Structure formats: structure tokens, C-alpha cells
Amino acid sequence: MKVAVMTDSTAYLTSEQVARYQIHVLPIPILWGDETLRDMIDIGQEPFYDRMRTDPVLPTTSQPSIGAVQELVGQLVAEGYEALIAPVISSGISSFYSNLAAYAAQEKRLRVYPFDSHITCAGLAFAAQLAGKMAQAPDADPEQIMTALAQLRETTGVYFMVDDLAHLRRTGRLSNASSFVAGLLKIKPILSMDIHAAGKGEISAIAKERQTKRAVQWIMDHFAAAIKDLDYPIRCTIFDANDPIAKQEWLTEFSKQFPQVTFDTSIIGPVIGVHTGEKAMSMIWAKDWEKF
């Protein structure tokens with residue numbers, strides 16, 4: 001079966017990754033005053049955070065239009081595709097998945113398989129690349145790809161930290177904002193997402209430390225515990241909201257402490273940066289998708 005793959009821009013795939021696995025990327029719109037900006041097309045990471053620092057108007061986010069999905073499906077049908085696998089941003093922080101699922105139930109030209117990743121950024125990139133790799137097989141089977149994506153999701157974990165919780169509270173993306181007071185000055189909140197099948201893919205604050213160094217150590221200790229008894233290879237991506245120096249420090253230290261793990265780097269781009277603010281740092285890990 002001829003199978004295509006689509007994801008959204010919050011996977012922050014490189015152009016090389018997109019080309020290698022023939023992944024179609026729908027940009028998520030950023031609403032900034034009277035402007036609508038397409039994630040990583042009309043505005044990239046550095047210009048976005050530069051503007052965030054100085055613009056008195058703060059941005060919000062929307063979602064790709066179903067019209068854009070319909071247009072893509074029309075192109076794919078004309079090219080002979082019979083199925084579209086679509087891992088997308090977590091339904092816990094965006095309504096895109098639910099809207100895509102409603103559309104998929106009505107689309108008759110080809111089968112659309114929406115997949116709720118329960119995550120975003122590098123975790124979504126893992127899923128998109130796994131789907132892309134499997135879709136390139138001569139005997140590609142959409143059901144097998146969806147099963148593999150679900151298996152990958154069950155191995156996925158994330159820890160991240162932000163300078164404060166102001167942006168997550170402002171945009172309503174923190175599930176326990178009312179009960180967690182880590183936004184106080186000089187507190188480093190540590191956050192995660194409930195990714196696995198029983199979860200909703202929502203963001204919650206799970207710990208707090210008074211120093212960045214101690215927060216990083218907390219993440220390192222809990223990552224060590226999470227992977228201690230696993231019997232499969234781990235891939236981990238470390239990524240930043242416009243803080244490349246901290247990203248390199250994390251990469252150096254984590255690579256030293258966990259030589260058995262394959263490490264990559266990526267970014268927290270504009271759409272997710274709306275919610276995290278600048279200088280957020282994160283790590284996402286899972287079973288190495290290249291070994292599926």
C-alpha cells in the first residue's frame with residue numbers, strides 16, 4: 001500500500017529529516033496582534049524570542065485548518081496514495097487531533113489515520129520519523145504503523161523546566177496551575193506530561209528546585225531511574241527555547257553520564273515557545289525509533 005505521513009510543525013523536524021522520510025508538515029499558526037504567522041515559515045526561533053522580549057502584545061496559538069488537510073489529501077490522492085498516517089501534537093494541549101479525527105471519519109478518498117502523540121517537539125519528531133521510515137517499506141501497512149506508534153508512545157518520557165510558569169498559566173496549558181505555586185521568584189519548576197495510553201497528554205508541574213543546577217540534577221537522577229531496567233536502546237533529544245549554551249551543557253553532561261543512550265538535539269520553536277517562554281530546557285526520550 002502506498003502510505004504518506006503528515007505531522008505538524010511542532011515536531012520541529014529539520015529539512016533533512018523531512019526530505020529523508022518524505023514527511024508533510026502543516027505549520028501551526030501563531031496569532032500575534034493582527035498578524036497570523038506560520039510556525040517556522042513566517043517566523044523562526046530566534047526572531048520569535050527576540051520579539052517576545054520586547055513586544056507588549058503577547059502571542060497565542062491556533063491550529064492548522066482542516067482545509068489545509070483537505071488540500072494535502074487531494075494532492076496525495078492524485079499521486080496514488082491510499083493512506084495517510086498523521087501523528088500530531090498532543091490533544092492535551094491542542095484541539096488539532098480531535099478536529100483531525102472528526103475529519104478522518106468523513107474522508108472517503110483515502111484512509112486518514114490520526115495519531116495522538118500525547119506529546120510535542122522531539123517526541124512528536126520520533127513518531128513522525130518512525131512512521132516515515134515504515135511508510136517507505138514496499139509492503140507498508142497502516143495498521144502496523146499505528147501499532148508501532150502506540151508502542152513508541154508507551155516508552156516515551158519527558159522532563160522540562162521553565163524560568164517561571166507565567167506563560168503556561170496565561171495560555172491555559174498547565175493542568176495543575178491552581179495548585180502549584182512554583183512560579184514564585186527564584187523557584188525552578190520541573191514539568192512533565194502524561195504521555196502513555198492512560199494519560200491525556202497534559203502538562204503538569206511535578207517538582208520544584210531553588211537553583212537551576214539542582215533542577216538539572218533532579219532531572220538527571222529521575223532520568224537515570226526511568227531507564228535503569230529497560231532492555232531496549234534509548235534515544236534522547238535535548239532541546240532549548242533559544243538557549244544554545246545551556247543545551248550544549250546539557251548535551252555534554254548527559255552524554256557523559258549516559259554513554260549507552262543515543263543523544264540528539266532540537267529546539268523549542270515558536271508555537272511551543274508561546275507557552276513555555278524563552279530559556280526553557282527539555283529532554284524527551286523513548287525506545288530508539290530507528291531500532292523498531
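**Entry 1**

I began with Cys121, which is buried at a relative accessible area of 3%. The model I am reading is a predicted one. Cys121 is in no disulfide, and the nearest cysteine sulfur, that of Cys236, is 13 Å away. A disulfide needs two cysteine sulfur atoms within 2.5 Å. I looked up Cys236 as well and found it in no disulfide, its nearest cysteine sulfur being that of Cys121. Cys236 counts as buried, with 0% relative accessibility.

**Entry 2. Strand β8**

I followed the pairing of β8 in both directions. With strand β13 (residues 281-287), β8 pairs in the antiparallel sense over five bridges. Tyr159 stands opposite Met283 in β13. With strand β9 (residues 188-193), β8 is again antiparallel, over two bridges. Leu191 in β9 is the bridge partner of Phe160.

**Entry 3. The sheet of six strands**

I traced an open sheet of six strands in the order β10-β9-β8-β13-β11-β12, and its pairing is mixed. Which strands stand at the edges? They are β10 (203-209) and β12 (262-267), each with a single partner strand, so one side of each is left without a neighbour in the sheet. Neighbouring strands here are turned by 20° against each other on average, direction ignored.

I then looked at the β10 end of the sheet. β9 and β10 run antiparallel and are joined by six bridges. Ile190 has Ala207 in β10 as its bridge partner. Helix α8 (residues 212-227) packs on this sheet and touches β8, β9, β10, β11 (234-240), β12 and β13. The direction of α8 makes about 175° with that of β8.

**Entry 4. Helix α8**

I checked the length of α8. The helix has 16 residues and reaches 23 Å from its first C-alpha to its last, close to the 22 Å expected at 1.5 Å a residue. Which residues of α8 are buried? I noted Ala215, Val216, Trp218, Ile219, Met220, Phe223 and Ile227. An α-helix has 3.6 residues a turn, so residues three or four places apart point the same way.

**Entry 5. The sheet of four strands**

I turned to an open sheet of four strands, which has the order β2-β1-β6-β7 and parallel pairing. Its edge strands are β2 (23-26) and β7 (111-116), each pairing on one side only. The twist averages 25° from one strand to the next.

Within this sheet, strand β1 (residues 3-8) and strand β6 (residues 83-88) pair in the parallel sense over three bridges. Val5 stands opposite Ile85 in β6. Two helices were also looked up. Helix α3 (residues 66-78) lies across β1, β2, β6 and β7, and runs at about 160° to β2. Helix α6 (residues 142-154) packs on the sheet, touching β1, β6 and β7, and its direction makes about 5° with that of β7.

**Entry 6. Nonpolar cores**

I asked which residues have the most contacts inside the largest nonpolar core. They are Met6, Leu84, Ile85, Leu149, Leu191, Met193 and Ile203, in a core of 77 residues. Helix α5 (residues 121-135) gives the largest share of this core, ten residues. Apart from it lies another core, of 24 residues, including Phe223, Ile238, Ala246 and Phe263. Nonpolar side chains tend to be buried together in soluble globular proteins.

I took Ile85 for a closer look. Leaving out residues up to four places away in sequence, Ile85 touches Val3, Ala4, Val5, Met6, Tyr113, Ala131, Pro142, Ile145, Met146 and Leu149.

**Entry 7. Gly44**

I ended with Gly44. Where is Gly44 placed? It lies in the loop between β4 (35-38) and α2 (45-54). Gly44 is partly exposed, with a relative accessible area of 21%. I noted that 7.1 Å separates the C-alpha atoms of Gly44 and Gly269, which are 225 residues apart along the chain.

Methods
Residues numbered from 1 in each chain as written. Predicted model: local features only at pLDDT ≥ 70, side-chain atom pairs only at ≥ 80, totals over all residues. Heavy atoms only, no water. Core = buried A, V, L, I, M, F, W, Y, C linked by side-chain atoms within 4.5 Å. Buried < 20%, exposed > 50% of the residue type's maximum accessible area, 1.4 Å probe, protein only. Contact = heavy atoms within 4.5 Å. Pairing = 2+ DSSP bridges. Axes fitted to C-alpha atoms, helices over the stretch in contact; angles between N-to-C directions. Expected span 1.5 Å × (residues − 1).
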